[in-house]
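Here's a quick briefing to read with the model open beside you. Have a look at the fold, then work through the points below.

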Amino acid sequence: MLEHVVTRIVHTLLAVAAAIIFLLSFLVVADVIGRGAFNSPVKGTPEIVSMSIVIICFLLAAYAVQSGGMLRTDVIVSMFGRRGYAFADIVTGLLGAGFFLLIVWGSFEPALHAWTSNEFEGEGALRVPVWPARIVVMFGSALVVAIYLGQALLAILALIRPDGARPPQRSAH
């Protein structure tokens, strides 16, 4: 049940990231045309694009982890069979969860500060608020922590009860 909810959230974030990328393409084209044809670029494009890239990365991080798209080397692990994969998944899950937990912990105070102080990026005609990117970094990282811990738990169950536990899912990328 929980896995279904997480999968639904991950796919929703994937769709939001795709929509942002789609909209950014129009902004960049308008900026290039405005700059080249009218010598008048779209104001705030660099700020919007830089914030959007951060947002897109952390919206997609949970999908990358859940789908098995994160970088991994299976050459050595495959020599140890199913138990080797399970052990590697436990280590990967715990290390990944720890890393992203540090991101959550480190981004909490800056996100709170950006929200309460109304922090903006850029100067002049268009100033872009910073808090959406900081909140997405924190939320996306927290979701990745949950996914990594879930994968580690499934791997532990696979080691304890090899016939009763479902092995961690691998995608064919």
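Predicted model: local features only at pLDDT ≥ 70, side-chain atom pairs only at ≥ 80, totals over all residues.

- Most residues other than glycine have a negative phi.
- Asparagine 118 isn't a glycine, yet its phi is positive, at about 55°.
- You'll find asparagine 118 in the loop between α4 and β1 (120-121).
- Asparagine 118 counts as partly exposed because its relative accessibility is 43%.
- Asparagine 39 also isn't a glycine, and its phi is positive at about 55°.
- Look for asparagine 39 in the loop between α1 (2-38) and α2 (45-66).
- With a relative accessible area of 68%, asparagine 39 is exposed.

**Helix α4, end to end**

- Helix α4 covers residues 81-117, which is 37 residues.
- From its first C-alpha to its last, α4 reaches 53 Å, close to the 54 Å expected at 1.5 Å a residue.
- There's a bend in α4 of about 35° at serine 107.
- A proline follows that bend within four residues, namely proline 110.

**Aromatic pairs**

- The count of aromatic pairs comes to four.
- In one of them, phenylalanine 100 and tyrosine 148 have ring centres 6.3 Å apart and planes at 35°, so the pair is tilted.
- That pair links distant parts of the chain: phenylalanine 100 sits in helix α4 and tyrosine 148 in helix α5 (residues 131-160), 48 residues apart.
- Buried means under 20% relative accessible area, so phenylalanine 100, at 10%, counts as buried.
- Tyrosine 148 counts as buried too, because its relative accessibility is 7%.
- Another aromatic pair is formed by tryptophan 115 and tryptophan 131, and this one is edge-to-face, with 4.8 Å centre to centre and 85° between the planes.
- Tryptophan 115 lies in helix α4 and tryptophan 131 in helix α5, so the pair ties together parts that are 16 residues apart in sequence.
- Tryptophan 115 counts as exposed at 52% relative accessibility, whereas tryptophan 131 counts as partly exposed at 29%.
- Ring pairs also join Phe99, Phe100 and Tyr148 into a cluster.

Note on methods
Residues numbered from 1 in each chain as written. Heavy atoms only, no water. Helix = DSSP H or I, 4+ residues; strand = E, 2+ residues; numbered from the N terminus. Expected span 1.5 Å × (residues − 1). Bend = angle between axes of the 7 residues up to and from the residue. Buried < 20%, exposed > 50% of the residue type's maximum accessible area, 1.4 Å probe, protein only. Phe/Tyr/Trp six-rings, centres within 6.5 Å; stacked < 30°, edge-to-face > 60°.
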